[in-house]
Amino acid sequence: SVTMAVGALHLARRQAIVSRLTAIEELAGVDVFCSDKTGTLTKNEMQVAEPVAFEGHDERALFLAAALASKPENRDPIELPIFGYIEKHLSDLDWKSYRQASFTPFDPVRKRTEANVEKGGERFVAVKGAAQVLLGLAQLPDERAQQIRKQVDALAAKGYRTLAVGRRSGEASLDLLGLVPLYDPPRDDSKEVIEEMRAHGVDVKMVTGDNVAIAREIGRILGLKQRTMTSGQLSGRSSNELLQLAAVL
């Protein structure tokens with residue numbers, strides 16, 4: 001107890017809080033450290049990556065429709081990066097002059113948001129949501145739809161969550177304007193902390209509920225080896241599974 005009390009004093013001088021003396025001994029025995037991803041290794045602040053405007057449209061049209069299919073007062077973490085990008089890169093975009101006559105929020109079934117928009121005599125519907133859903137509404141030729149799916153898959157492989165954006169006038173099918181890739185960047189100090197823990201003999205693992213592509217990309221940025229195990233590989237029937245999980249580097 002005296003030894004651990006002295007250790008707690010040394011840790012306090014290094015700005016570490018010891019709530020229980022036994023925690024020092026427990027921490028000293030750790031050789032594998034599992035960390036959550038979102039908000040721990042990453043900032044938990046979605047940002048817009050490089051937008052993709054489809055042929056016949058530009059970035060301004062893309063973000064105008066994306067903003068009109070959103071409600072800033074909802075403080076939705078998926079929508080805030082859209083307004084942040086407009087403020088930083090398209091500050092003269094006059095989206096506030098449009099009026100939302102109605103707004104349909106996102107739900108797990110529809111997987112999109114919609115807004116009936118008016119300005120002067122102009123009326124249209126702005127839509128944003130899952131790419132596969134908007135592709136179904138756009139009624140594109142098979143070849144073009146496949147090209148867009150490949151673009152979405154390529155963005156997912158880089159760790160991006162992708163929103164598709166479109167607009168519709170009258171009874172016409174949806175006109176797809178482009179894609180808005182979003183990502184949650186790593187914290188500025190995450191990579192350094194992981195390297196320091198390795199230097200002290202602690203192997204760091206990342207645990208996340210995100211899809212495998214996003215997890216691998218964040219792991220790559222942080223310097224974690226590209227070996228993953230999904231929850232489906234853990235049946236809970238064997239004590240050897242913990243050893244297998246610990247072997248994932």
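**Burial and overall form**

I began with burial in this predicted model, and I noted that 35% of the 249 residues of the chain count as buried. I then looked up the accessible surface of the chain, which comes to about 15,200 Å², and I wrote down that 51% of it belongs to carbon and sulfur atoms.

For the overall form I turned to the radius of gyration, which is 24 Å for the chain, whereas a compact globule of 249 residues would have a value near 18 Å. I also recorded the span of the C-alpha trace along its principal axes, about 80 × 40 × 25 Å.

In the list of secondary structure I found nine helices and nine strands. When I looked at contacts between residues at least 6 apart in sequence, I saw that 59% of them join residues at least 24 apart.

**Charges**

I looked up the charged side chains next, and the chain has 33 positive and 34 negative ones. The centres of these two sets lie 2 Å apart.

**The nonpolar cores**

Which residues touch the most other members of the largest nonpolar core? I found that they are Phe 63, Leu 68, Ile 86, Trp 95, Val 117, Val 165 and Val 180, out of 28 residues in that core. I then checked which elements supply at least two residues each, and these include helix 4 (80–89), strand 5 (112–119) and strand 8 (175–183). Helix 3 gives the most to this core, with seven residues.

**Leu 41**

My last entry concerns Leu 41, which I located in the loop between strand 1 (32–36) and strand 2 (47–48). Is Leu 41 buried or exposed? I put it down as buried, because its relative accessibility is 7%, and the cut-off for buried is under 20%.

Setting aside neighbours within four places in sequence, I found Leu 41 in contact with Ser 35, Asp 36, Pro 186, Arg 187, Ser 190, Ile 194, Met 206 and Leu 222. I also looked up Leu 41 against Ile 82, which is 41 residues away along the chain, and their C-alpha atoms are separated by 23 Å.

Methods. Residues are numbered from 1 along each chain as its sequence is written. This is a predicted model: local features need pLDDT of at least 70, side-chain atom pairs count only at pLDDT 80 or more; totals for chains, interfaces and linings use all residues. Side-chain values use heavy atoms; hydrogens and water are left out. A nonpolar core is a set of buried Ala, Val, Leu, Ile, Met, Phe, Trp, Tyr and Cys residues joined through side-chain atoms within 4.5 Å. Buried means under 20% relative accessible area, exposed over 50%, partly exposed in between (1.4 Å probe, protein chains only). Helices (H or I, at least four residues) and strands (E, at least two) are DSSP runs, numbered from the N terminus. The radius of gyration is taken over C-alpha atoms; the globule rule is 2.2 Å times the number of residues to the power 0.38. Contact means heavy atoms within 4.5 Å. Accessible areas come from the Shrake-Rupley method with a 1.4 Å probe; for residues, only the protein chains shown count as cover. Lys and Arg count as positive and Asp and Glu as negative; His and the chain ends are not counted. The place of a charge is taken as NZ of Lys, CZ of Arg, CG of Asp or CD of Glu.
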